[in-house]
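Work through these exercises with the model open beside you. Try each task before you read its solution.

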Amino acid sequence: MQPNDGNYDLRATTHPEEIIITGITVMCPQCGARRDWMVICDGNEISLRCRCSHQWVERELTRADYLSMIGEGIVQDHPSLESAARAEGFDGTLAGTYLTEPR
């Protein structure tokens, strides 16, 4: 997501694998999903969003963690987080599904 001035205030990427923090696998508190996340970086605040559309701030993750999750795939700009969530299937329409098999 890129504002008109060209500076990124909010960035997001998808992460199909599990995220493990201090030895514990992250689970969505709403639906129990354990992988296939949208990871959102807003300054130094990192949020996770599940396919069921539940989103929360994950205080144990840092900007450095986010940067390590960014792939070298295609970069797509979106006008808003909600637009990105719809485009990537994190708006609730794909709740309960996984689009990528874990490695």
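Helices here are DSSP runs of H or I with at least four residues, numbered from the N terminus. Keep in mind that this is a predicted model.

**Exercise 1. Describe the overall layout of the protein chain.**

Step 1. Count the elements: the protein chain has 2 helices and 6 strands.
Step 2. Along the sequence the pattern reads β-β-β-β-β-β-α-α.
Step 3. Look at burial. Of the 103 residues in the protein chain, 35% are buried.
Step 4. The protein chain exposes about 6400 Å², and carbon and sulfur atoms supply 47% of that.

**Exercise 2. Find which residues of helix H2 are buried, and what they pack against.**

Step 1. Locate H2 at residues 81-88.
Step 2. Pick out its buried residues: Leu 81, Ser 83, Ala 84 and Ala 85.
Step 3. Recall a rule: an α-helix has 3.6 residues a turn, so residues three or four places apart point the same way.
Step 4. List the partners. The buried residues of H2 pack against strands S1 (10-15), S4 (37-42), S5 (45-49) and S6 (55-57).
Step 5. Go past the end of the helix. Gly 89 follows H2, and its phi is positive, near 85°.

**Exercise 3. Identify the residues with the most contacts inside the largest nonpolar core.**

Step 1. Take the core itself: it has 16 residues.
Step 2. Name those with the most contacts inside it: Ile 19, Val 26, Cys 28, Trp 37, Val 39, Leu 48 and Leu 61.
Step 3. Trace the sources. S4, S5 and helix H1 (63-69) each supply at least two residues of this core. The largest share, 3 residues, comes from S4.
Step 4. Zoom in on Val 26. Leaving out residues up to four places away in sequence, Val 26 touches Ile 19, Ile 21, Ala 33, Arg 34, Trp 37, Leu 48 and Trp 56.

**Exercise 4. Classify the aromatic pair.**

Step 1. Count: there is 1 aromatic pair.
Step 2. Apply the cut-off: planes over 60 degrees apart count as edge-to-face. The ring centres of Trp 37 and Trp 56 are 5.7 Å apart and their planes stand at 90°, so this pair is edge-to-face.
Step 3. Trp 37 is in strand S4 and Trp 56 in strand S6, so the pair ties together parts 19 residues apart in sequence.
Step 4. Check burial: both Trp 37 and Trp 56 are buried.

**Exercise 5. Compare Asp 36 and Ser 53: is each buried or partly exposed?**

Step 1. Check the backbone. Phi is positive in Asp 36, near 70°. Ser 53 also has a positive phi, about 85°, although it is not a glycine.
Step 2. Find their places. Asp 36 lies in the loop between strand S3 (24-25) and S4. Ser 53 is in the loop between S5 and S6.
Step 3. Use the cut-off: buried means under 20% relative accessible area. Asp 36 has 3% relative accessibility, so it counts as buried. Ser 53, at 29%, counts as partly exposed.

**Exercise 6. Explore the segment after H2.**

Step 1. Start at Thr 93, which lies in this segment. At 62% relative accessibility, Thr 93 counts as exposed.
Step 2. Find its side-chain partner. A polar contact of 2.8 Å joins the side chains of Thr 93 and Asp 91.
Step 3. Reach along the chain. Thr 93 and Arg 51 are 42 residues apart, yet their C-alpha atoms are separated by 7.6 Å.
Step 4. Finish at Arg 51. Its charged end sits over the ring of Phe 90, 4.0 Å from the ring centre.

Conventions:
Residues are numbered from 1 along each chain as its sequence is written. This is a predicted model: local features need pLDDT of at least 70, side-chain atom pairs count only at pLDDT 80 or more; totals for chains, interfaces and linings use all residues. Side-chain values use heavy atoms; hydrogens and water are left out. Buried means under 20% relative accessible area, exposed over 50%, partly exposed in between (1.4 Å probe, protein chains only). Contact means heavy atoms within 4.5 Å. Rings of Phe, Tyr and Trp (its six-membered ring) pair if their centres lie within 6.5 Å; planes under 30 degrees apart count as stacked, over 60 as edge-to-face and the rest as tilted. A charge sits over a ring if NZ of Lys or CZ of Arg is within 6 Å of the ring centre and within 35 degrees of the ring normal. A polar contact is a pair of N or O atoms within 3.5 Å; within protein, one must be able to donate a hydrogen and the other to accept it, and residues adjacent in sequence count only if both atoms are side-chain atoms. Accessible areas come from the Shrake-Rupley method with a 1.4 Å probe; for residues, only the protein chains shown count as cover. A nonpolar core is a set of buried Ala, Val, Leu, Ile, Met, Phe, Trp, Tyr and Cys residues joined through side-chain atoms within 4.5 Å.
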